[in-house]
Amino acid sequence: MRLLLVEDDTMIGETVLDMLRADHYAVDWVRDGEMADTALRTQTYDLVLLDLGLPRLDGLDVLRSLRARRVLTPVLIATARDSVQQRIAGLDAGADDYVLKPYDLDELLARIRALLRRASGRAEPVYEHKGVSINPATREVMVDGQPVVLSAREWSVLEPLLARPGMVLSRAQLEEKLYSWKDEISSDAVEVYIHGLRKKLGPELILNVRGVGYMVPKS
Ligand code: CA
């Protein structure tokens, strides 16, 4: 899953960035509102963590502009503990949830997981399909009740496919979820991870849809 982190405070930004990357998210970090606006016009994200007090363009304006373009990407706003008005303004401008600063990092991760779950049309916290189950909170993967160890990249490919059985994701869409701006992308990476997943989870879980991409079939 690929996230956009919008945060102008260097220390907070670095802390959150490290934590999100350690939790296997691909993250792009921008430090002002104009950069955030540009990133959101040029790249597709699974979620935005948006600080509201930003240089150059206010976070609320970034959010209003995103929603005016009818982009559905989940937005989690970060606001100060004492500013109820700001939280209300953010939610009414199209944010999906808020998190208070200073962050409780475990709570932040849980709110991100909850929004990603809702965005994929699910309410249940563990994804189960055809004998394979994954738990985004613990990163546990089970096949027929037996634990299986996946690499971080394999996880990043499997999660969006298993979250929405029947939906085809192109190689480019999967690459977007795997890499942030700073990463080098090798052209056959997605194929390599799919190959690894098939070896670990069985050959029939992920189908190759010729010329289009990959999917986990519904039944
Ligand atoms: Ca700020």
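Predicted model: local features only at pLDDT ≥ 70, side-chain atom pairs only at ≥ 80, totals over all residues.
Q: Which residues are the protein donors of the calcium ion?
A: Asp 8 (OD), Asp 51 (OD) and Gly 53 (O), at 2.1 to 2.4 Å from the ion. Donors here are N, O and S atoms within 2.8 Å of the metal (3.2 Å for Na, K and Ca); water is not among the atoms, so sites may look incomplete.

Q: And how are the donor residues spaced in sequence?
A: As D-x42-D-x1-G. Asp 8 sits in the loop between strand 1 (2-6) and helix 1 (10-22), while Asp 51 is in strand 3 (residues 47-51), so the pair ties together parts 43 residues apart in sequence. Helices (H or I, at least four residues) and strands (E, at least two) are DSSP runs, numbered from the N terminus.

Q: Is Asp 51 buried or exposed?
A: Buried, at 7% relative accessibility. Asp 8 is partly exposed, at 32%. Buried means under 20% relative accessible area, exposed over 50%, and partly exposed in between (1.4 Å probe, protein chains only).

Q: Switching topic: what are the domains?
A: Domain 1 (2-119) and domain 2 (127-215), with bounds from an automatic or database domain assignment. Their centres, taken over C-alpha atoms, are 25 Å apart.

Q: How much area do domain 1 and domain 2 bury between them?
A: About 1300 Å², 47% of it on carbon and sulfur atoms. Buried area is the accessible area (1.4 Å probe) that two parts lose on being put together, summed over both. Arg 2, His 24 and Arg 113 supply 37% of what domain 1 buries against domain 2, more than any other three residues.

Q: How many salt bridges cross that interface?
A: Two, a salt bridge being a side-chain nitrogen of Lys or Arg within 4 Å of a carboxyl oxygen of Asp or Glu.

Q: What gives the most to the side of domain 1 that touches domain 2?
A: Strand 2, with five residues.

Q: Last one: where is Tyr 214?
A: In strand 11 (residues 213-215), and buried at 7% relative accessibility. The C-alpha atoms of Tyr 214 and Asp 82 are separated by 46 Å.

Key
Residues numbered from 1 in each chain as written. Heavy atoms only, no water.
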